[in-house]
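Hello,

Here is the structure I promised to pass on. Have a look at it first, and my notes follow below.

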Amino acid sequence: MSTASKLTLAGTAFGALGIVVAVHFQQRSEQAAMHAGVIRDLEQQRLKRERQLDFDMQRQLEEEYRKIQTVSETKPGG
C-alpha cells in the first residue's frame with residue numbers, strides 16, 4: 001500500500017470519526033434543549049392551574065360576599 005493511499009485512508013477514517021462525534025454531540029445538545037422545553041411547558045401548565053384555582057376561589061368568595069352584602073354596581077367614569 002502506497003503512502004498516498006495510507007494517508008487517504010487515514011484521512012477518511014478520521015473524517016468519518018469526526019463526523020460521528022460531531023453528530024453525537026449535536027444530538028445530545030438537541031435532546032437537552034428539548035428536555036428544557038418540556039420542563040418549561042410543565043412549569044407554565046402548573047402556573048396556569050394555580051392561577052385558575054385562585055381565580056375560581058376569588059369568584060366563589062365574591063358570590064358569598066354578594067349574598068351577605070348589598071353591592072351596587074358603579075358606572076365607569078362616574
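Helices here are DSSP runs of H or I with at least four residues, numbered from the N terminus. This is a predicted model, in which local features need pLDDT of at least 70, side-chain atom pairs count only at pLDDT 80 or more, and totals for chains, interfaces and linings use all residues. Residues are numbered from 1 along each chain as its sequence is written, and side-chain values use heavy atoms, leaving out hydrogens and water.

Let me start with helix 1, which spans residues 3-68 and includes Val 21.

Together with Phe 14, Leu 17 and Phe 25, Val 21 makes a nonpolar surface patch of about 450 Å². Such patches join nonpolar side chains (Val, Leu, Ile, Met, Phe, Trp, Tyr) within 5 Å, from residues with over 30% relative accessible area and no salt bridge. Areas are Shrake-Rupley values with a 1.4 Å probe.

On to the charges: there are 3 salt bridges (a Lys or Arg side-chain nitrogen within 4 Å of an Asp or Glu carboxyl oxygen). Arg 66 pairs with Glu 62 at 3.0 Å, N to O; the two lie 4 residues apart in helix 1, about one turn. Arg 46 bridges to Glu 43 at 2.4 Å and to Glu 50 at 2.3 Å. Arg 66 is partly exposed at 39%, as is Glu 62 at 38%. Through shared partners, Glu 43, Arg 46 and Glu 50 form one salt-bridge network.

Best wishes

Notes:
Patches are made of residues with over 30% relative accessible area and no salt bridge: like charges are joined within 9 Å, nonpolar side chains (Val, Leu, Ile, Met, Phe, Trp, Tyr) within 5 Å. Buried means under 20% relative accessible area, exposed over 50%, partly exposed in between (1.4 Å probe, protein chains only).
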